[in-house]
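Notebook open, model loaded. I want to go through the fold, the confidence and then the charged pairs.

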Amino acid sequence: MRKTIIATSLLSALVTAPAFAQEAPAAPYTFTGNVSLASEYIYRGIGQTNRRPAIQGGFDFAHQSGFYLGTWASNVSWLSDAGSAGATPISNSMEWDFYGGYKMTAGPVGLDFGVLQYYYPGTYPSGFTSPNTTELYAAATWEWLTFKYSYSLTNLFGAKTPDGGDTNGSMYYDLTATVPVGSGFNLIGHVGYQDVKDFSDASYTDWKVGVTKDFVGLSWALSYIGTDAKGDEGQFYHNAHNRDLGSDRVVLTVTKTF
C-alpha cells in the first residue's frame with residue numbers, strides 16, 4: 001500500500017512538473033482592437049457626418065517600454081458636403097488616423113507625448129487645400145483629470161485664413177475629467193478651445209458632459225455636446241446642407257474592445 005502511495009505521488013509530480021516549467025513569461029507588448037457605432041461623429045465639438053451615424057474602429061500596439069503605435073478610422077461627410085456646393089465635387093467619405101508616441105510616469109502623473117496624422121483619402125478639385133493634418137501632442141493625467149495640448153504642423157484640416165494664409169501653428173487645449181461614481185458608472189466632463197491661427201472666426205470653445213458604463217460586454221457612452229462655434233448662415237461652421245456643425249446635440253456611442 002505504501003509503495004502504491006509513493007508511486008502515485010511520483011507519477012503526479014512527473015505529470016504536473018512540466019506544467020510549471022512550460023509557463024511562458026508575459027509578453028512585453030499588448031495588441032488590442034476596438035469597433036464603435038455612434039449616432040454621430042463629433043470631433044472637438046464639430047459634426048463630421050452631418051447628423052448621420054458613424055461606424056468607427058482601430059488597432060493599438062503598446063510596448064512595456066512605453067512606446068505605442070495605433071490606427072483608427074471613421075466614415076465622414078464634411079468634406080463631400082462642402083464640395084457638393086461647388087462645380088467640382090469632392091470625393092471623400094473616410095478619415096483614417098495614424099499615431100505613435102511614448103507614455104511614462106512622473107510620480108503620480110502620467111505623461112503622454114506623440115504625433116498624430118489625420119488622412120482623408122479621396123479626390124479633390126485642382127488647387128484645393130489638402131485636409132490632411134499632422135499634429136504633435138502632449139498630455140498629463142493625474143487621477144481622473146487629463147490636460148492635453150495639440151499643435152498643428154500643417155494647415156488645420158485644410159483651413160486657410162481669410163487672406164489666404166496658412167493655419168499651421170493652430171492649437172487645441174483639452175481638459176477632461178473622468179470621475180468614477182460607483183456601480184461601474186463614470187461621469188465625463190470636458191472643455192476645450194480650438195485656436196485656429198490668424199482666424200478668429202474659426203476659433204471656438206467646445207464642451208461635453210456625459211456618462212459611461214460597461215454593460216453586456218460593451219462600453220456605452222451618452223454625451224451632451226455643445227460649442228460657441230460660428231455656425232449661422234454664411235459663417236465658417238455652416239455647411240452646404242444648411243446645418244450648424246457646432247450646434248448642441250446628444251450623442252450615443254457603443255464600443256466593443258477585443
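**Overall look.** I counted the secondary structure and got 2 helices and 14 strands in the protein. For my own record, helices (H or I, at least four residues) and strands (E, at least two) are DSSP runs, numbered from the N terminus. This is a predicted model, where local features need pLDDT of at least 70, side-chain atom pairs count only at pLDDT 80 or more, and totals for chains, interfaces and linings use all residues. Residues are numbered from 1 along each chain as its sequence is written, and side-chain values use heavy atoms, with hydrogens and water left out.

**Confidence.** I looked up pLDDT, the predictor's confidence in each residue, from 0 to 100. The protein averages 92, and 88% of the residues score at least 70. Residues 1-17 fall below 50, and beyond near neighbours in sequence this stretch has 0 contacts in the model; a contact means heavy atoms within 4.5 Å. Where pLDDT is low, the predicted coordinates should not be read in detail.

**Burial and surface.** I noted that 34% of the 258 residues count as buried. The scale is: buried under 20% relative accessible area, exposed over 50%, partly exposed in between (1.4 Å probe, protein chains only). The protein exposes about 14,600 Å², with carbon and sulfur atoms supplying 64% of it. Those areas come from the Shrake-Rupley method with a 1.4 Å probe; for residues, only the protein chains shown count as cover. I also checked contacts between residues at least 6 apart in sequence: 50% join residues at least 24 apart.

**Salt bridges.** How many salt bridges does the count come to? My rule was a side-chain nitrogen of Lys or Arg within 4 Å of a carboxyl oxygen of Asp or Glu, and the count came to 3.

I started with R249 and E40, whose side chains form a salt bridge at 3.3 Å, N to O. R249 sits in strand β14 (residues 249-257) and E40 in the loop between β1 (29-38) and β2 (42-43), so this pair links distant parts of the chain, 209 residues apart. R249 is buried at 8% relative accessible area, and E40 is buried at 7%.

Next I looked at R44 and E135, which meet at 2.8 Å, N to O, in a salt bridge. R44 lies in the loop between β2 and β3 (46-47) and E135 in strand β8 (residues 133-142), so the pair ties together parts 91 residues apart in sequence. Both ends are buried: R44 has 9% relative accessibility and E135 has 2%.

The remaining salt bridge I noted is K160 with D166, closest N and O atoms 2.5 Å apart. Here K160 is partly exposed at 30%, and D166 is partly exposed at 40%.

**N155.** I followed D166 to N155, as a polar contact of 3.4 Å joins their side chains. (A polar contact is a pair of N or O atoms within 3.5 Å; within protein, one must be able to donate a hydrogen and the other to accept it, and residues adjacent in sequence count only if both atoms are side-chain atoms.) N155 lies in the loop between β9 (145-152) and β10 (171-182) and is buried at 15%.

**D206.** Is D206 buried or exposed? I found it buried, at 2% relative accessibility, in strand β12 (residues 204-215). Its side chain makes a polar contact of 2.7 Å with H190. Leaving aside neighbours within four places in sequence, D206 has contacts including R44, Y172 and H190.
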